[in-house]
Amino acid sequence: MAAAAELSLLEKSLGLSKGNKYSAQGERQIPVLQTNNGPSLTGLTTIAAHLVKQANKEYLLGSTAEEKAIVQQWLEYRVTQIDGHSSKKDIHTLLKDLNSYLEDKVYLTGYNFTLADILLYYGLHRFIVDLTVQEKEKYLNVSRWFCHIQHYPGIRQHLSSVVFIKNRLYTNSH
Amino acid sequence: MRLFVSEGAPGCLPVLAAAGRARGRAELLISTVGPEDCVVPFLTRPKVPVLQLDSGNYLFSTSAICRYFFLLSGWEQDDLTNQWLEWEATELQPALSAALYYLVVQGKKGEDVLGSVRRALTHIDHSLSRQNCPFLAGETESLADIVLWGALYPLLQDPAYLPEELSALHSWFQTLSTQEPCQRAAETVLKQQGVLALQPYLQKQPQPSPAEGRAVTNEPEEEELATLSEEEIAMAVTAWEKGLESLPPLRPQQNPVLPVTGERNVLITSALPYVNNVPHLGNIIGCVLSADVFARYSRLRQWNTLYLCGTDEYGTATETKAMEEGLTPQEICDKYHIIHADIYRWFNISFDTFGRTTTPQQTKITQDIFQRLLTRGFVLQDTVEQLRCEHCARFLADRFVEGVCPFCGYEEARGDQCDKCGKLINAVELKRPQCNLCLSVCPLYLSFSLHLFLNLLSQLEKRLEEWLGRTLPGSDWTPNARFITRSWLRDGLKPRCITRDLKWGTPVPLEGFEDKVFYVWFDATIGYLSITANYTDQWERWWKNPEQVDLYQFMAKDNVPFHGIVFPCSALGAEDNYTLVSHLIATEYLNYEDGKFSKSRGVGVFGDMAQDTGIPADIWRFYLLYIRPEGQDSAFSWTDLLLKNNSELLNNLGNFINSQPRAGMFVSKFFGGYVPEMVLTPDDQRLLAHVTLELQHYHQLLEKVRIRDALRSILTISRHGNQYIQVNEPWKRIKGSEADRQRAGTVTGLAVNIAALLSVMLQPYMPTVSATIQAQLQLPPPACSILLTNFLCTLPAGHQIGTVSPLFQKLENDQIESLRQRFGGGQAKTSPKPAVIETVTTAGPQQIQALMDEVTKQGNIVRELKAQKADKNHVAAEVVKLLDLKKQLAVAEGKPPEAPKGKKKK
């Protein structure tokens, strides 16, 4: 998904009515937002945080110092790890780590839904749709989290819904 | 909370600095762990520094840790700070970790290290100087400053890696480095060992993969649209309204051109091409073409300009070539000098004089400089062991000896290098050496030959450093030129032999040296002086006039030592008030398609062949300048040439200036060939200001000799123009009400004036196209040859324009394809399409496992082939097999079938 398209999704999910136009910079097509008053902003997570503030939903950036730092940490993870590496091996290490991290968590910060959940959901979507049933089973915590976020109101929009149901071959017998 | 650090982990620097900056370390426990210890339970790969919070959560991102410390002190981050941190993580870190790895683990130096981070450093410098603030996010220090400083410190604390010309970066870095928390962090992490303190950590890290496709790119960085102030708009409008009357009178043409007191006198040289090679495109862009753009620009600024070049004709290669072709060396030079001159004439290079080095003036000036060096004690004599041929009665230069290679036994090894094993050879080491000149069988004798050396050590080195110290700061020496010069100085200068056993050269005016001539690198750079002396007998007014003359020398980077070290040493030692280079402009290398230009393999386009392609010289100039290897290597590509011609020239520039239905065409079609009345609206005024700003940008860049970047400004203005016409639709309004017609007139008038401005800005790049546009617009003569820093109305209402016709031609795919084949290099890519077999089976676990094994096996085969650099087609065939296996595996595993890209994977 191109960054501009992703930011438009984010705008809608934040309830921002007026759609912004984004240009893309350089080889990696980094999004650029020309703001009305002031210089332009460059970078996916920078613009995303700006949009959150514009929508007066600062709580999505975290409420305490700790939560804020954690949100930013996962946003950085999104643009450096998830976008940076796309070899199959890297993705599997990444899913393994996330799976272990999410073991005792509902959302990335723990108990609160934040921008980190939204952008990781968008960033991982293209990998998750390609997972086999066995793999989805293997990364159970990621699957649970992903399934939860895709049902969060207004987030998924036109993205395909990923199916996580277990069929009869895989009962909870063990 | 507990901070986990590791010996030499670079991330510890910003973290400790942020901790010190933001709060006391009272509650912070620090534990040191090994570089490979996994501190964070959920991460597979080791990571330090890590902060374990009291809640049990982990922060494993360096920036996030720093941010947390700042947040605890109540300092929130604004958009700009976030932007810097995102840039640090995505752009700076990959480049920086590669650079540190090269430097610390692989022991590389210089450009090999700096090359990967230069672009990032320049970005910081430009941002700082553009916003004119001491810190990254404004007037006060922020989290961004600490994080970036900490990341950069290990590299930049060595002045060799902090390029001088990045002055804004320089002062920002100094400011932060002197702050107490930063200083403390630096001491703790680097322990006064410099960058080597990072070794224990970095050598345990995997080698960072270089960012793919970034090393060689022809795409310059995007610039953002600036915001305009009311004053800027008002000033642009005032300048525009003054129009032609603000142009100064044209400088009368002088012949010869001589320096004028009180004026800016610009002396431009391009490296002297060696006479017996036909120059290829890389040579052309590296010296003569780059220098030509600057010379033409300099004349547009009405600076008093002399541009000179010539062929370098002395040396072994000419002598050998003469023997091959059965001519005298002089005849060879005469023949090739004409070939060179013809090529440059075809490329429209505007030399004031194009001379040669085999002239009496060359002898006179070289010998004079030599005598002065000799009397001042800068010349040493020493004996060198050398082979002597009794039959020819001469000592043999390396190239004149052939024999058996001492390393591989190859029979026909040359005296300087073996063609078979490629090893460098000292001629005296050859077995059974033979004289190449007479091919006689008589054995060669080892004998001692007396040679002269320029003593670069001692005083000359000191004088050179003093001169560089005065010259470099604030000058426009390119970063690579500074770097090469600095590293030569750092390694120490050795005495350099300045004589050779040849006949074809400048004679040495000293008893006992009658059989010797000066070595080319001593006298080739003196060629500039002698070529000027042949142009005017008052040559010394240019070359012994450092106070009044600004000397710009253009070359490829391999030539920097001769111009930055050797000639300045000779000139300083001669103590004759010589003009020394003020701005040394060196390019990187231009590659051809995926490889190098090679005369012997017939790969690449050479100067004389460019004429036969049917592509006009200006298109060649445009494309070569568009991809000028400025700051990094670039590559010539036929496909890219076609794309740039058809997009930038035809669709952007050509479309705007006069193809139907644009600026020039409107004037003819709707206004009977007369420029209509213009009544500027606020929108038009903004456009004026934008164009003015871009024009000023163009000037700033060309003053710094950033030729390639300045070309982009031209294209940007043209794009503005196209948008302007598109939005205002004069072709519709012309049919509307009186007010609409007036609007159509204004838009057309303003657009045709932008076209006039572009024709002048384009003059240094595409002189013929520029002249054609100016003739079509009938632009008044002073406006054709002067470029001010403001955008003027040079075609006022009522001005009559001439006949307008298209400027550029489309290049077609098959035309380019046939040229590509003719000139070798990159082959057309024809990969066989794999047959797609749809298998609908449900596979059991054994089958899946078997397929997985197959995929792994095939994957290894492909990797091995790639590692061995096997034949491309072979590799491609194996890759096809691999993809096919993967597909079968996917089907067996019950994955959804591949949908067409871009649909599902949005």
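**Strands, cores and aromatic pairs in chains A and B**

Strand 3 (residues 50-52) of chain B pairs with strand 4 of chain B in the antiparallel sense, over two bridges. The model described here is predicted. In chain B, the largest nonpolar core holds 172 residues, and over all chains there are 43 aromatic pairs.

**A sheet in chain B**

- B:Leu51 has B:Leu59, in strand 4 of chain B, as its bridge partner.
- Four strands of chain B form an open sheet with mixed pairing, in the order 2-1-3-4.
- The edges of this sheet are strand 2 (29-33) and strand 4 (58-59) of chain B; each has a single partner strand, so one side of each is left without a neighbour in the sheet.

**Nonpolar cores**

- Nonpolar side chains tend to be buried together in soluble globular proteins.
- Within the largest core, of 172 residues, the members that touch the most others are B:Phe636, B:Trp638, B:Tyr698 and B:Tyr765.
- Helix 10 (residues 281-300) of chain B gives this core its largest share, 12 residues.
- Leaving out residues up to four places away in sequence, B:Phe636 touches B:Leu281, B:Leu590, B:Asn591, B:Tyr592, B:Glu593, B:Trp620, B:Tyr623, B:Leu624, B:Ile627 and B:Leu641.
- Another core, of 142 residues, lies apart from the largest one, and its members include B:Leu3, B:Cys12, B:Ile124 and B:Leu155.

**Helix 21 against helix 25**

- The axes of helix 21 (residues 617-626) and helix 25 (residues 707-728) of chain B are 8 Å apart, and the two helices pack at an angle of about 115°.
- On the helix 21 side of chain B, the contact is made by B:Phe622, B:Leu625 and B:Tyr626.
- Helix 25 of chain B contributes B:Ile707, B:Arg708, B:Leu711, B:Arg712 and B:Leu715.
- Sorted by class, this contact has six nonpolar residues, two charged residues and no polar ones.

**Helix 11 and what covers it**

- Buried residues in helix 11 (residues 316-325) of chain B are B:Thr316, B:Thr318, B:Glu319 and B:Ala322.
- An α-helix has 3.6 residues a turn, so residues three or four places apart point the same way.
- Helix 12 (329-346) and strand 9 (394-395) of chain B are among the elements that cover the buried residues of helix 11 of chain B.
- After helix 11 of chain B comes B:Gly326, with a positive phi near 65°.

**Aromatic residues**

- B:Tyr297 and B:Trp303 make an edge-to-face pair, 5.9 Å centre to centre with 90° between the planes.
- Both partners fall under the 20% cut-off for buried: B:Tyr297 has a relative accessible area of 0%, and B:Trp303 has 12%.
- The ring centres of B:Trp346 and B:Phe347 are 5.0 Å apart and the planes stand at 85°, so this pair is also edge-to-face.
- B:Trp346 counts as partly exposed at 24% relative accessibility, whereas B:Phe347 counts as buried at 0%.
- One aromatic cluster takes residues from chains A and B: A:Trp74, A:Tyr77, A:Tyr101, B:Phe42, B:Tyr58 and B:Phe60.

**Chain A**

- Chain A has seven helices and three strands, which follow the pattern α-β-β-β-α-α-α-α-α-α along the sequence.
- Chain A has 174 residues, of which 55% count as buried.
- Among contacts in chain A with a separation of 6 or more, 64% are between residues 24 or more positions apart.

Conventions. Residues are numbered from 1 along each chain as its sequence is written. Chains are lettered from A and ligands numbered from 1 in the order in which they are written. This is a predicted model: local features need pLDDT of at least 70, side-chain atom pairs count only at pLDDT 80 or more; totals for chains, interfaces and linings use all residues. Side-chain values use heavy atoms; hydrogens and water are left out. A nonpolar core is a set of buried Ala, Val, Leu, Ile, Met, Phe, Trp, Tyr and Cys residues joined through side-chain atoms within 4.5 Å. Buried means under 20% relative accessible area, exposed over 50%, partly exposed in between (1.4 Å probe, protein chains only). Contact means heavy atoms within 4.5 Å. Two strands pair if DSSP finds at least two bridges between them. Axes are lines fitted to C-alpha atoms, for helices over the stretch in contact, and angles run from 0 to 180 degrees between N-to-C directions. Ala, Val, Leu, Ile, Met, Phe, Trp, Tyr, Cys and Pro count as nonpolar, Asp, Glu, Lys and Arg as charged, and the others, Gly among them, as polar. Rings of Phe, Tyr and Trp (its six-membered ring) pair if their centres lie within 6.5 Å; planes under 30 degrees apart count as stacked, over 60 as edge-to-face and the rest as tilted.
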